Amino acid sequence: MGQVRQTRRGQARDGELGAAVARAQDGDETAFAVAYRIVQPGLLGYLRGIVGDDAEDVASDAWLEIARNFGRFKGDGAGFRGWTATIARHRALDHLRRQRVRPRAGGTEQDVLHLPSPHSTHEQALESLSTERALELVRGLPQDQAEAVLLRVVVGLDGPAAARVLGKRPGAVRTAAHRGLKRLAHQLGIGGEGDEEVTDAASRTLGKSR
């Protein structure tokens, strides 16, 4: 149920985004600022999950490219979100290649010792995490799971759009996102309830960064 509400909110937000993009392409500079404000939080959260503290710099590089090629974009709000995520991902991978490092691992068993006990509900335990803490734990996931979670939950892309960004099949991205969210919840020692409740609670926590 929570995922349905989140999807409806995302669709409404994408309608606003699409309208802003269309106005901006007609020369409305204020509308471009509106599009930026809608997209930037999720994009920055995604980049933090990949490059950590360098996310702001990478996001700036990505927005320079977005602005440079803005007139070439064709599509709606959801399409613009996916297009900007693709550009941000390319800039992030370029950054990592320059630094000669892989996406940095985050959480360890020691990191979660002071989180709520397993007797808390999934929602209470996961929502006690700050956005930064949640992203740090996501960075400790296998890369395919981390990117799938970030694109689906933080950026707000649907399965096909996330798959296009990653160059993978939608089913593979959905599976990776589900496994990543489940693993994130289990890292906190939370178990015993349905997988859907686990992944839904994790989604709500990460979705706060949008």
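Me: How many helices and strands does the protein have?
Reply: This is a predicted model. The protein has ten helices and zero strands. Along the sequence the pattern reads α-α-α-α-α-α-α-α-α-α.

Me: What share of the residues is buried?
Reply: Buried residues make up 47% of the 210 residues.

Me: And what about the accessible surface, how many Å² is that?
Reply: About 10800 Å². Carbon and sulfur atoms account for 47% of that surface.

Me: What share of the contacts joins residues at least 24 apart?
Reply: Take the contacts between residues at least 6 apart in sequence. Of those, 69% join residues at least 24 apart.

Me: Let's look at a helix pair. What describes two packed helices?
Reply: The angle between their axes and the distance between the axes.

Me: OK, at what angle do H2 and H4 cross?
Reply: Roughly 35°. Helix H2 covers residues 29–51, and helix H4 covers residues 77–99. Their axes come within 10 Å.

Me: Is that crossing left-handed or right-handed?
Reply: The crossing of H2 and H4 is right-handed.

Me: Which residues make the contact?
Reply: From H2, they include Ala35, Ile38, Val39 and Leu43. Tyr46, Leu47, Ile50 and Val51 of H2 also take part. On the H4 side, the residues include Phe80, Arg81, Thr84, Ala85 and Ala88. Arg89, Ala92, His95 and Leu96 of H4 belong to the contact too.

Me: How many of those are nonpolar, polar or charged?
Reply: The contact of H2 with H4 has 13 nonpolar, two polar and two charged residues.

Me: Switching to Gln40. Which helix is it in?
Reply: Gln40 lies in helix H2.

Me: Why does Gln40 count as buried?
Reply: Because its relative accessibility is 11%, and buried means under 20%.

Me: What does Gln40 touch?
Reply: Ala59 and Trp63, leaving aside residues up to four places away in sequence.

Me: New topic: how many salt bridges are there?
Reply: The structure holds eight salt bridges. Side chains of opposite charge can pair when their charged atoms come close.

Me: Which residue pairs with Glu16?
Reply: Arg13 forms a salt bridge with Glu16. Their closest N and O atoms are 2.9 Å apart.

Me: Why are Glu16 and Arg13 separated by about one helical turn?
Reply: Because they are three residues apart in helix H1, which covers residues 2–25. Glu16 is partly exposed, with a relative accessible area of 38%. Arg13 is partly exposed as well, at 36%.

Me: What does Arg23 form a salt bridge with?
Reply: With Asp28. The closest N and O atoms of that pair are 4.0 Å apart. Arg23 counts as partly exposed at 38% relative accessibility. Asp28 counts as partly exposed at 31%.

Me: And which residue meets Arg91?
Reply: Glu65, in a salt bridge of 2.2 Å, N to O. This pair links distant parts of the chain. Arg91 is in helix H4, and Glu65 is in helix H3, residues 55–68. They are 26 residues apart.

Me: Is Glu65 buried or exposed?
Reply: Glu65 counts as buried at 19% relative accessibility. Arg91 counts as partly exposed at 21%. The cut-off explains the labels, because buried means under 20%.

Me: Which residues are linked in a network with Glu65 and Arg91?
Reply: Asp94 and Arg97 are linked with them in a network of salt bridges.

Notes: Residues are numbered from 1 along each chain as its sequence is written. This is a predicted model: local features need pLDDT of at least 70, side-chain atom pairs count only at pLDDT 80 or more; totals for chains, interfaces and linings use all residues. Side-chain values use heavy atoms; hydrogens and water are left out. Helices (H or I, at least four residues) and strands (E, at least two) are DSSP runs, numbered from the N terminus. Buried means under 20% relative accessible area, exposed over 50%, partly exposed in between (1.4 Å probe, protein chains only). Contact means heavy atoms within 4.5 Å. Accessible areas come from the Shrake-Rupley method with a 1.4 Å probe; for residues, only the protein chains shown count as cover. Axes are lines fitted to C-alpha atoms, for helices over the stretch in contact, and angles run from 0 to 180 degrees between N-to-C directions. A crossing is left-handed if the near helix is turned anticlockwise from the far one by less than a right angle, and right-handed if clockwise. Ala, Val, Leu, Ile, Met, Phe, Trp, Tyr, Cys and Pro count as nonpolar, Asp, Glu, Lys and Arg as charged, and the others, Gly among them, as polar. A salt bridge is a side-chain nitrogen of Lys or Arg within 4 Å of a carboxyl oxygen of Asp or Glu.
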